[in-house]
Amino acid sequence: MEKKKVAIIGAGSSGLCTIKCCLEEDLDPICFESSEDIGGLWRFKEVPEEDRASIYKSVIINTSKEMMCFSDFPIPDDYPNYMHNAKIMDYFRMYAKHFDLLKYIRFRTKVCSVARRPDFSSTGQWDVVTETDGKQESSVFDAILVCTGHHTNAHLPLDSFPGIEKFKGRYIHSRDYKSPDEFTGKRVIVIGIGNSGGDLAVEISHTAQQVFLSTRRGAWVLNRVGDEGYPADMLLSTRSYQLLKNLFTTSMVNQWVESKVNSRFNHSHYGLKPKHRFFSQHPTINDELPNKIISGKVLMKPNVSEFTETAAIFEDGSKEEDIDFVIFATGYSFSFPFLGNNVRVTENQISLYKFVFPPHLEKPTLAIIGLIQPLGAIMPIAELQIRWATHVFKGMCRVNATLSKWTTLNTWTNWPL
């Protein structure tokens with residue numbers, strides 16, 4: 001029997017394990033990657049590239065190696081528990097080499113369109129148009145796996161900040177930040193207290209005259225290092241912790257976690273206390289932020305209500321003059337322009353069955369892998385998603401929408417927590 005031909009879009013962390021899983025299931029994968037290398041979000045480049053994720057030079061992952069590694073390829077023992085982006089790339093390269101994945105990737109190849117064939121209702125097949133070096137090519141595939149992630153398109157809500165158009169200083173999105181050098185001696189406002197906002201406020205404070213961290217709702221801040229020096233995400237993934245969640249109400253578990261987090265530093269004393277419970281929003285992972293706040297290098301502020309030519313006025317009526325830079329750490333939006341009307345994204349939300357399959361297609365031959373921001377690592381989740389998706393493609397299990405509700409996915413724009 002002829003192997004099913006599968007198109008994989010994106011060669012980041014989800015794309016790599018998707019290639020491997022397709023091979024294990026005796027499918028015929030071809031991965032299309034618009035850039036010249038693997039790694040996706042985790043590959044640092046000095047100059048941001050259009051339509052690609054972009055990180056800053058100092059980024060360290062927020063999940064430990066014990067919790068983020070692929071199931072059959074442990075991260076080397078001598079690697080740190082929380083890895084710098086360069087170490088993550090080294091791991092991905094080892095993974096790709098070990099399983100001989102690179103030969104299935106077409107680099108510098110952009111997917112222009114993915115369209116259902118006229119006989120889709122019976123075959124589930126797709127027409128895929130790609131472009132390499134200005135030359136387009138059309139191919140037929142039996143299934144599509146989208147692994148493009150959700151950290152590509154900068155969400156820059158300038159309409160929510162009156163006066164920004166007359167502000168004489170500079171403003172950028174966190175996507176364009178690379179290092180703190182240009183902020184030396186400057187007065188800087190960082191808007192948004194997601195992971196990027198917290199990281200940038202801390203890093204810039206080493207060289208800036210003053211950093212103001214503006215937040216609309218506050219945030220629960222977690223350390224990477226947990227009790228007795230163990231990685232915090234390991235401690236939150238134990239059987240005893242899961243038992244606790246199952247035995248008690250959500251409100252009681254929220255109270256327990258909030259009390260534990262506040263025992264290290266009371267969020268109210270630091271201007272961080274959020275308006276939401278712990279499990280209602282994604283927490284911020286940052287080991288240094290409380291130290292920077294208590295030393296005055298980072299000053300917490302509420303949301304900006306208005307900008308003038310040189311100043312920012314905040315919702316509590318306070319005003320800070322002589323602002324040189326504003327950094328919008330306001331998250332990302334995602335879209336799939338190459339999918340046309342096959343997938344609907346509205347206000348950064350998408351309906352997917354079990355976070356994987358679009359609900360309205362006659363045949364479940366299109367799956368989206370890794371489009372979720374969990375409290376923890378994405379790699380193991382993507383691995384499980386692709387195992388299930390390939391079994392559906394092969395007819396080994398069914399997708400029965402009548403037995404389950406379609407799930408609306410919001411991937412956390414992170415603005416401003």
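User: Happy to dig in! Which residues line the largest cavity?

Analyst: Keep in mind that this is a predicted model. A search of the whole structure finds 1 cavity of 30 Å³ or more, and the largest cavity has a volume of about 40 Å³. Its lining is made up of Arg-43, Lys-45, Val-47, Pro-48, Glu-49, Arg-52, Ala-53, Ser-54 and Lys-178.

User: How many residues of that lining are charged?

Analyst: Good follow-up. The lining of the largest cavity includes Val-47, Ser-54 and Glu-49. By class, the lining residues divide into 3 nonpolar and 1 polar, with the charged ones numbering 5.

User: At roughly what angle do the axes of helix 1 and helix 10 cross?

Analyst: Helix 1 covers residues 13-24 and helix 10 covers residues 379-393. Among the residues that meet are Cys-17 and Cys-21 in helix 1, with Ile-386 and Thr-390 in helix 10. This contact has 6 nonpolar, 4 polar and 2 charged residues. Helix 1 passes helix 10 in a right-handed crossing, and the axes come within 9 Å, crossing at roughly 35°.

User: Is the aromatic pair of Phe-70 and Tyr-91 stacked or edge-to-face?

Analyst: Let's look at the geometry. The ring centres of Phe-70 and Tyr-91 are 6.0 Å apart, and the pair links the loop between helix 2 and helix 3 to helix 3, across 21 residues. Because planes under 30 degrees apart count as stacked, the 20° between the planes makes this pair stacked.

Conventions. Residues are numbered from 1 along each chain as its sequence is written. This is a predicted model: local features need pLDDT of at least 70, side-chain atom pairs count only at pLDDT 80 or more; totals for chains, interfaces and linings use all residues. Side-chain values use heavy atoms; hydrogens and water are left out. On a 1 Å grid over the protein atoms alone, a cavity is a set of points where a 1.4 Å probe fits but cannot get out, and a pocket is an open set with protein on both sides within 12 Å along at least five of seven lines; lining residues have an atom within 4 Å of a point. Grid points are joined across faces, edges and corners, and a volume is the space filled by probe spheres set on the points. Ala, Val, Leu, Ile, Met, Phe, Trp, Tyr, Cys and Pro count as nonpolar, Asp, Glu, Lys and Arg as charged, and the others, Gly among them, as polar. Axes are lines fitted to C-alpha atoms, for helices over the stretch in contact, and angles run from 0 to 180 degrees between N-to-C directions. Helices (H or I, at least four residues) and strands (E, at least two) are DSSP runs, numbered from the N terminus. A crossing is left-handed if the near helix is turned anticlockwise from the far one by less than a right angle, and right-handed if clockwise. Contact means heavy atoms within 4.5 Å. Rings of Phe, Tyr and Trp (its six-membered ring) pair if their centres lie within 6.5 Å; planes under 30 degrees apart count as stacked, over 60 as edge-to-face and the rest as tilted.
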